[in-house]
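This briefing covers the pocket and the cavities of one structure.

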Amino acid sequence: MADLTTNLAGIQSPNPFWLASAPPTNSGYQVQRAFEAGWGGAVWKTLGDPILNVSSRFAAVGFNGQRVAGFNNIELITDRPLEVNLKEIYETKKKFPNHAIIASLMVEPQQEKWHEIVKKVEDVGVDGLELNFGCPHGMAERGMGAASGQVPDLVEKQTYWAKEVAQTPVIVKLTPNITDITVTAEAAVRGGADAVSMINTINSLAGVDIHSWNTIPHVAGKGAHGGYCGPAVKPIALNMVAECARSPFINVPISGMGGVSNWQEAVEFMLMGATGVQVCTAAMHHGFRIVEDMIQGLNYYLDERGIEKVSDIVGKAVSKYSDWGNLDLNYKVVARIDPDTCINCNKCHISCEDTSHQCIDMLKDPSGKSYLKVREEDCVGCNLCSIVCPVDGAISMVELPNEQSPMTWNERQAALQATAAQRLDV
């Protein structure tokens, strides 16, 4: 079996699967149950000044039969006293010394506040700290969470304050509610962060009850924006991880999160640069024991490929991710329909005819049997027909031989500029 241990900026973990700071890590009872189930680490639900939460708090967005395609919450940080949390962290670490316990922290943007809480949580034996600059609701209205995370100077300054007294690695958790997450990631690095984690939740409103006209969720008839997570946000999170991983200015490890529900998605995040992943919604939906399948699946994946250590896959796909201007304009794929597999549902034809490039013909063979065929000379290789096709293998996207040398947009523009310069010289 492969070695699944990870080392994120000095934080050792028996495997790359951590529970994210959220309701599943609200107490020692929960975190200990999680470790017994197999989770390698847990980011304790954010500690700060005791606060009051509202009721109700959660909402789910279903889609096409999937009950929790997305998950929305308006719950704030822990509402349990700091002393109680510290006592339980100490007890949990003592019982599970080889598992990673990271304390998520959120305080007002004041130097003495950061110094005070960092010292307190490190005294009980945490393995690291995660500065919560991501939560978009409730605490942001008080100048914390995403309100700090959206201001690069505040991210840098508060990271620096935490690092002034921290003895353990400092992870900075970033908000996705910003135009370019690499800007705040760079600010965290300038402040001395040992690692960054992403993404926190996205501003959202789960829905409106069309009968009562109340928001979902609502509190006594009133709603407020919440934080969105779960499978629906995974592509957004994966892109942000990849953008940070390929930035030459963000040279610290990444803890990835956002919609990770199984081992395959964990592998995707790690290939795109994450040292490990954090999980929340999937555990809330299915329970802690999902980690058993995640560990087993990851082990099988690595063994099948002869990869000895999970750390060997970190970042292996980053070089394949670039700017649009670096893509080969002369590369071409086309769709081909296998008539023996096609069930003639015509979904591909409808999609292509109505919303793409009108290149799938409905034909009949000499016996009168209907079949679909792609006019390859008109196909642009958009993939839409293969996406909507309900039958695996009925439509394949086939690479055509290059008739011209590879050329990117950037190369094309450079060539045009060079030609224009030559004309001026003449």
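The largest pocket is lined by W324, L327, D328, L329, Y331, K332, V333, V380 and G381. The model is predicted.

**Largest pocket**
- The space in the largest pocket comes to about 220 Å³.
- By class, the lining of the largest pocket has 6 nonpolar, 1 polar and 2 charged residues.

**Largest cavity**
- The volume of the largest cavity is about 420 Å³.
- A total of 31 residues line the largest cavity, and those nearest its centre are S21, A22, N200, T201 and C280.
- At least two lining residues come from each of β4 (41–47), β6 (66–73), β16 (274–279) and α9 (281–286).
- Helix α9 gives the largest share of this lining, with 3 residues.
- The lining of the largest cavity divides into 16 nonpolar, 12 polar and 3 charged residues.

**Second largest cavity**
- About 90 Å³ of space lies in the second largest cavity.
- The second largest cavity is lined by 15 residues, with C352, S356, C359, C382 and C385 closest to its centre.
- Helices α11 (347–355) and α12 (384–388) each contribute at least two residues to the lining of the second largest cavity.
- The lining of the second largest cavity comprises 10 nonpolar and 5 polar residues, with no charged residue.

Notes
Residues are numbered from 1 along each chain as its sequence is written. This is a predicted model: local features need pLDDT of at least 70, side-chain atom pairs count only at pLDDT 80 or more; totals for chains, interfaces and linings use all residues. Side-chain values use heavy atoms; hydrogens and water are left out. On a 1 Å grid over the protein atoms alone, a cavity is a set of points where a 1.4 Å probe fits but cannot get out, and a pocket is an open set with protein on both sides within 12 Å along at least five of seven lines; lining residues have an atom within 4 Å of a point. Grid points are joined across faces, edges and corners, and a volume is the space filled by probe spheres set on the points. Ala, Val, Leu, Ile, Met, Phe, Trp, Tyr, Cys and Pro count as nonpolar, Asp, Glu, Lys and Arg as charged, and the others, Gly among them, as polar. Helices (H or I, at least four residues) and strands (E, at least two) are DSSP runs, numbered from the N terminus.
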